Structure formats: C-alpha cells, structure tokens
Amino acid sequence: MILTVTLNPSVDMQYQLSALQVNDVNRAAHVSKTAGGKGLNVTRVIDQLQEQVTATGFLGGRLGEFIVDELSQQQIAHDFVSIQGETRNCIAVLHNGKQTEILENGPIITKGESEQFLQKLQNLLGKVTRLTISGSLPKGLTVSFYQQIISLANQQKVPVFLDTKASLLMEIVKGDAKPYLIKPNQQEFAEAMEMTSNSVEAIVDILSHRTHLSDIPWVVVTLGKDGAVIKHEAVIYRASIPNIHAKNPVGSGDSVLAGFAVGHQRQLSAVELIQFGLTMGVLNALQAQTGQIDPEAIPDYLSQIHVRKLLK
C-alpha cells in the first residue's frame, strides 16, 4: 500500500470565466469544488491506477468534513488527524487562457496535533511500502517536521517520494534524512540549488556535480511541455513527451509523482519508470479536472515518452 501525506490540504475551487473583469462583477460559467492539495491529487491518480492507497495529514472544520466526505464517496481510504483550525480554500480563476490563483494560508498546527500526527505516522508506516509527501507546510510547523517524517520512514525502510517548494527542498537535500526521490519543477530546482540559470544544460551540470544530491537515488526535474531531466544514481537521462492539446495542466506534477510511486511499487526498470511517471503527467493534462487520468490511454502515450542517457 502507498501512503500519501498532505499536511496542508484544501478545498480547491475552480471558476471558469470567458474573461476576468477587474473591479467589476464576474459570473462563472462553470464552478467545481474538489478535495485538493497536491498530495490528494497524488492520491486520486494512485487510486485510478488501482493501487491500494491511504491519505493522511491534517483536516479541520467544515472544509475538512467536505474533504472526508468526498474521499469516502470515491472509496479512497483516509486516516487524518483532526485539528482545531479550519482547512483552507484555494481558488483558481481560469480566464483568457490564463489561470489566476488565490491561496489561503491554512490553519495553525499546534504542538499536540503535530505529535499526534507523528504517532499516527509511525503506526501507518508498518503497513505501507511507499510514502509520498507533497505540498507546503501549514503554519506552526517548520522544515524539521518534513525531516522527521523522512527519518521515520527511512527507519522503517519505506522509500519517500517528495514534492515540495524550493525553500523547503533546499533544506531537506542538505539534511541528514534523505528522501528516495525528489520531483521539483525546473524553476523550483533552480531556486533550491541557488542557480543563476535554469537551462537544461545548467540543470545537468548541477545533477552531475552537487554532492548532496548523490545520496538521493532519484532526482526528477520536470520541464513542462519539454519533458524532464532525471538523475538515477550516477546516470542522467533526458526524457521528451509528445505534443498535446492540454485541457488543464494543473496537477500534472502531482500525477508524475504518483506515477513514479506506482511504477516503483511495480518494480519497473529505470527507463520504464521514467516513461510511466511522465505518462501520468501527460494524461492529467488531457483531463479538465485536476488529478484525473484515463488509465486506458496509458499504452498510447507510454510509447511516446522517449528517454535517452546523457551521462554515466
């Protein structure tokens, strides 16, 4: 079973407008509300790939109840810590081919709630084979909390697949507790590595020479429509993806992380794992709803992910 951690989940609200009128009334042609947060996008994709998955993290208030209800309706297992604070809303306004986001900070996690989560995690780690961690930290927690989670998983020999923002990633890769895989996008990687350029050539150079990345078996740097640069152990790969007409690319990075966790669970070879992981990102972009894929389309797109070695 795969365990997904979402410490700062949200109810994702999406408004579709033909155009955004500033300082005026806007009427949405379409509105959707879903259980959100990067880790819950990961959860849904893993579930659609028919792998056992359980979601955990912090939930509170009416919005927390909404998320529990939606996951239950989708028959997705969940085991969250209930908190005093209110789970947040995240609003995305789609307009003129663009996306404007309004993100709430979310609740403040108390010391007691954080300790309760770590105890729950210790119990869950004895039942799972892979762990994904996605997204930002809620207020009240510091980067050391992610490091504690990774350390607990490492003690149980559960590989950790991590996707978080640049500032947190920078501290984690320099720490003693190393994840098994990190999946920053191009800009996040450049910020975390304090690079002056985020070009593919600069990324390859960093992957080749940064010693604190050598203890992380997989580093997957996604490049949007340009595919990805990947380091596995001492080998660096360049992967390309097919040109598609994307309906909604939001959540594609989360889908890639889900694909890598599932592919690793299925013991795919390095190249097969890269192809499988990136295919999930492509399939998500083809769907209107975030964190959704069409499993029947996997064979068609899997064959269009081209992977070559750049460096040994």
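User: In which sense do strand 12 and strand 13 pair, and over how many bridges?

Analyst: In this predicted model, strand 12 (residues 218–222) pairs with strand 13 in the antiparallel sense, and the pairing runs over 5 bridges. One of the contacts joins Trp218 to His232, its bridge partner in strand 13. The hairpin of these two strands has 5 residues between the strands, and Gly224 takes a positive phi near 65° there.

User: What makes strand 13 and strand 14 a pair?

Analyst: Strand 13 and strand 14 (residues 235–240) are also joined over 5 bridges in the antiparallel sense, where at least two are required. Ala228 has Ala239 as its bridge partner in strand 14. The hairpin that these strands form has 2 residues between them, and Glu233 in the turn has a positive phi of about 55°.

User: Why is strand 13 called mostly covered, and which way do its residues point?

Analyst: Strand 13 (residues 228–232) is described in this way because 5 of its 5 residues are buried, a label that requires a relative accessible area under 20%. Ala228, Ile230 and His232 point one way, whereas Val229 and Lys231 point the other way, and all are buried.

User: Why is the pair of Trp218 and Phe260 called edge-to-face?

Analyst: The ring centres of Trp218 and Phe260 lie 5.8 Å apart and their planes stand at 65°; a pair needs centres within 6.5 Å, and edge-to-face needs planes over 60 degrees apart, so Trp218 and Phe260 meet both conditions. The pair links distant parts of the chain, with Trp218 in strand 12 and Phe260 in helix 8 (residues 252–265), 42 residues apart. Both Trp218 and Phe260 are buried.

User: What makes the pair of Phe117 and Phe145 tilted?

Analyst: The structure holds 5 aromatic pairs. In the pair of Phe117 and Phe145, the ring centres are 5.9 Å apart and the planes are at 45°, and because stacked requires under 30 degrees and edge-to-face over 60, the angle of 45° leaves the label tilted. Phe117 belongs to helix 3 (residues 111–125) and Phe145 to helix 4 (residues 143–155), so the pair ties together parts that are 28 residues apart in sequence. Ring pairs also link Phe58, Phe117 and Phe145 into a cluster.

User: How do you know that Lys38 forms salt bridges with Asp163 and Asp254?

Analyst: The N to O distance is 3.2 Å for Asp163 and Lys38, while the closest N and O atoms of Asp254 and Lys38 are 2.7 Å apart; because the cut-off is 4 Å, both pairs qualify. Asp254 lies in helix 8 and Lys38 in helix 1, so that pair ties together parts 216 residues apart in sequence.

Note on methods
Residues are numbered from 1 along each chain as its sequence is written. This is a predicted model: local features need pLDDT of at least 70, side-chain atom pairs count only at pLDDT 80 or more; totals for chains, interfaces and linings use all residues. Side-chain values use heavy atoms; hydrogens and water are left out. Buried means under 20% relative accessible area, exposed over 50%, partly exposed in between (1.4 Å probe, protein chains only). Helices (H or I, at least four residues) and strands (E, at least two) are DSSP runs, numbered from the N terminus. Rings of Phe, Tyr and Trp (its six-membered ring) pair if their centres lie within 6.5 Å; planes under 30 degrees apart count as stacked, over 60 as edge-to-face and the rest as tilted. A salt bridge is a side-chain nitrogen of Lys or Arg within 4 Å of a carboxyl oxygen of Asp or Glu.
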